[in-house]
Amino acid sequence: MSDRVEFARMNGLGNKILVVDMRGRTDRVTPAAAVALAADPATAFDQIMAIHDPKVDGTDAYIDILNCDGSKAQACGNGTRCVVQALASETGRKSFTFQTIAGILNAVEHQDGTISVDMGKPVFAWDKIPLSEEFHDTSRIELQIGPIDAPILHSPSAMSMGNPHAVFWVDRDPMTYDLERFGPLLENHPIFPEKANITLAQVTSKTTMVTRTWERGAGLTLACGSAACAAGVSAARTGRTERKVTITVASSPNRGTLTIDWRPDDKVIMTGPAEWEWSGMVDPTTGSWQRDAGTEAEAATQ
């Protein structure tokens, strides 16, 4: 078995993604390799999307998702769009079905280059999110940062999109909050036994929102697709917006947008862009890598 496999540096609305082709192999991208790749500025990422041979009939691939600390992630919508673009370019196909830890995902690439991913159904039950305390209504849980009589953030909506999310409602641009300071405290709060993605959401109309996310296992991120889904669903669930919204991701380059559609059948469809940057070869055990010559102005190696 060769030491190295093909990989591509891509982004989904600025969310830094490494798509690693592990098809035809029985090994996996190791946590040590993920940590090494995350530590290198050239390959620093939010998620690794490792494409494996399908495990279930009717699916095109099994996707193993890793965070930059080497931990497993259940879902990554922006990363899934990158996988779709990579496979569509390779095969000429437009529709794909993937298996992940979180379940089965269907995705399609449209004529305009945008990609829609069926992110599945939201989960609201407190013990399924999961939370460590029982809440009959998880659309507003008791959690705050700051003084008791004047909290900076409070009463988030909690839910799961295959991974746990807490959405805090704010009344100004999310970029004006010190999420770098609050994020780690909230992600690791005891109320979240499996930690949580923390999103600040500003509702600007019945069909528009602005978000910013501290991502579980990754930290401050330029974008997070599952968090956008959680924000869109939570906004509709609490009557703040309609069920289909355009979300401006505040931390994304050029403040790019995602469309989130919480359909009548309860499924959440996320639509947005994906972009290829460069490709190379990587050792999935150690994380050593080499960029393909010609994919940028000059090749670089580690």
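How many cavities of 30 Å³ or more does a search of the whole structure find? The search finds two. The model is predicted: local features need pLDDT of at least 70, side-chain atom pairs count only at pLDDT 80 or more, and totals for chains, interfaces and linings use all residues. Residues are numbered from 1 along each chain as its sequence is written, and side-chain values use heavy atoms, with hydrogens and water left out.

On a 1 Å grid over the protein atoms alone, a cavity is a set of points where a 1.4 Å probe fits but cannot get out, whereas a pocket is an open set with protein on both sides within 12 Å along at least five of seven lines; lining residues have an atom within 4 Å of a point. Grid points are joined across faces, edges and corners, and a volume is the space filled by probe spheres set on the points. In the classes below, Ala, Val, Leu, Ile, Met, Phe, Trp, Tyr, Cys and Pro count as nonpolar, Asp, Glu, Lys and Arg as charged, and the others, Gly among them, as polar.

| Space | Volume | Lining by class |
|---|---|---|
| Largest cavity | about 50 Å³ | five nonpolar, four polar, one charged residues |
| Second largest cavity | about 40 Å³ | two nonpolar, four polar, two charged residues |
| Largest pocket | about 290 Å³ | eight nonpolar, four polar, five charged residues |

The lining of the largest cavity includes Arg212, Cys224 and Ser251. Strand 13 (residues 208-215) gives the most to this lining, with three residues; helices (H or I, at least four residues) and strands (E, at least two) are DSSP runs, numbered from the N terminus. Among the residues around the second largest cavity are Gln47, Glu215 and Arg216.

The largest pocket has a volume of about 290 Å³. Of its 17 lining residues, Glu6, Phe7, Ala8, Ala86 and Glu90 are the closest to its centre. Helix 2 supplies the largest share of the lining, five residues.

**Helix 3**

Leu179, Phe182, Gly183, Leu186 and Glu187 of helix 3 (residues 179-187) are buried, that is, under 20% relative accessible area, with exposed meaning over 50% (1.4 Å probe, protein chains only). Seen down the helix axis, these buried residues fall within an arc of 120 degrees, so they line one face of helix 3; the arc is that of the directions from the axis to the C-beta atoms. The face turned away carries the exposed residues Glu180, Arg181 and Leu185. The cover over the buried residues of helix 3 includes strand 12 (197-205) and strand 13.

Terms used. Contact means heavy atoms within 4.5 Å.
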